[in-house]
Amino acid sequence: MNVLLILIAVCAVINLVVFAMYGIDKYKAIHDQWRIPEATLLLAAVFGPIGALIGMRGFHHKTKKPKFYITVPLILIAEILAVFFASRAYLSQPKTYDSATFDIEEYVSSVTIS
């Protein structure tokens with residue numbers, strides 16, 4: 001199975017869990033029950049910022065607290081930028097060739113003459 005596909009699936013599951021956490025906390029707030037601490041919700045947003053943002057908007061939860069309506073989008077933007085720059089750095093590295101899997105045609109097509 002493709003590693004990228006597995007990574008996307010793991011991120012989706014994490015974001016679903018974070019989304020559920022925001023929904024559970026909203027339910028508990030409405031029913032005057034014990035709540036999930038704000039620090040826990042913010043930490044969860046670090047691991048699943050998309051789920052946190054959708055949970056905030058969808059459940060109308062923590063949308064009036066600057067700690068959340070500023071921090072969660074900033075976390076999402078920071079993670080998008082981190083992935084962008086990490087992928088650029090990874091993709092800009094020159095290819096290395098292993099003698100066991102060396103393909104001369106692929107090597108010749110990747111070499112540029114200046």
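This is a predicted model: local features need pLDDT of at least 70, side-chain atom pairs count only at pLDDT 80 or more; totals for chains, interfaces and linings use all residues.
1. A salt bridge is here a side-chain nitrogen of Lys or Arg within 4 Å of a carboxyl oxygen of Asp or Glu. By that criterion the side chains of Lys62 and Glu38 meet in a salt bridge, with 3.1 Å from N to O.

2. The relative accessibility of Lys65 is 38%, so Lys65 counts as partly exposed.

3. Glu38 also forms a salt bridge with Lys67, and the closest N and O atoms of this pair are 3.0 Å apart. In this case the link runs from helix α2, where Glu38 sits, to helix α4, which holds Lys67, and the two residues are 29 residues apart. Lys67, at 44% relative accessibility, counts as partly exposed. Taken together, Glu38, Lys62, Lys65 and Lys67 are linked in a network of salt bridges.

4. Turning to the helices, α1 (residues 3-30) and α2 (residues 38-47) pack at an angle of about 155 degrees, and their axes are 9 Å apart. Angles over 145 degrees count as roughly antiparallel, and α1 and α2 are therefore roughly antiparallel to each other. Their crossing is left-handed.

5. Which residues of α1 and α2 meet? From α1 come Ile14, Val18, Met21, Tyr22 and Asp25, and from α2 come Thr40, Leu41, Leu42, Ala44, Ala45 and Phe47. Sorted by class, this contact has nine nonpolar residues, one polar residue and one charged residue.

6. Helix α2 also packs with helix α5 (residues 71-91), at an angle of about 25 degrees and with the axes 9 Å apart. That angle makes α2 roughly parallel to α5, and α2 passes α5 in a right-handed crossing. On the α2 side the contact is made by Leu42, Ala45 and Val46, and on the α5 side by Thr71, Val72, Ile75 and Glu79. By class, the contact of α2 with α5 has five nonpolar residues, one polar residue and one charged residue.

7. Tyr22, which is found in helix α1, deserves a point to itself. Is Tyr22 buried or exposed? Its relative accessible area is 0%, so Tyr22 counts as buried. Leaving aside residues up to four places away in sequence, Tyr22 touches Leu41, Leu42, Ala45, Ala52, Gly55, Met56, Phe59, His61, Phe68 and Val72. Among these, Leu41, Leu42 and Ala45 also take part in the contact of α1 with α2, and Val72 is one of the α5 residues in the contact with α2. As for Gly58, which is 36 residues from Tyr22 along the chain, the C-alpha atoms of these two residues are separated by 9.4 Å.

How values were computed: Residues are numbered from 1 along each chain as its sequence is written. Side-chain values use heavy atoms; hydrogens and water are left out. Axes are lines fitted to C-alpha atoms, for helices over the stretch in contact, and angles run from 0 to 180 degrees between N-to-C directions. Helices (H or I, at least four residues) and strands (E, at least two) are DSSP runs, numbered from the N terminus. Angles under 35 degrees count as roughly parallel, over 145 as roughly antiparallel, 65 to 115 as roughly perpendicular and the rest as oblique. A crossing is left-handed if the near helix is turned anticlockwise from the far one by less than a right angle, and right-handed if clockwise. Contact means heavy atoms within 4.5 Å. Ala, Val, Leu, Ile, Met, Phe, Trp, Tyr, Cys and Pro count as nonpolar, Asp, Glu, Lys and Arg as charged, and the others, Gly among them, as polar. Buried means under 20% relative accessible area, exposed over 50%, partly exposed in between (1.4 Å probe, protein chains only).
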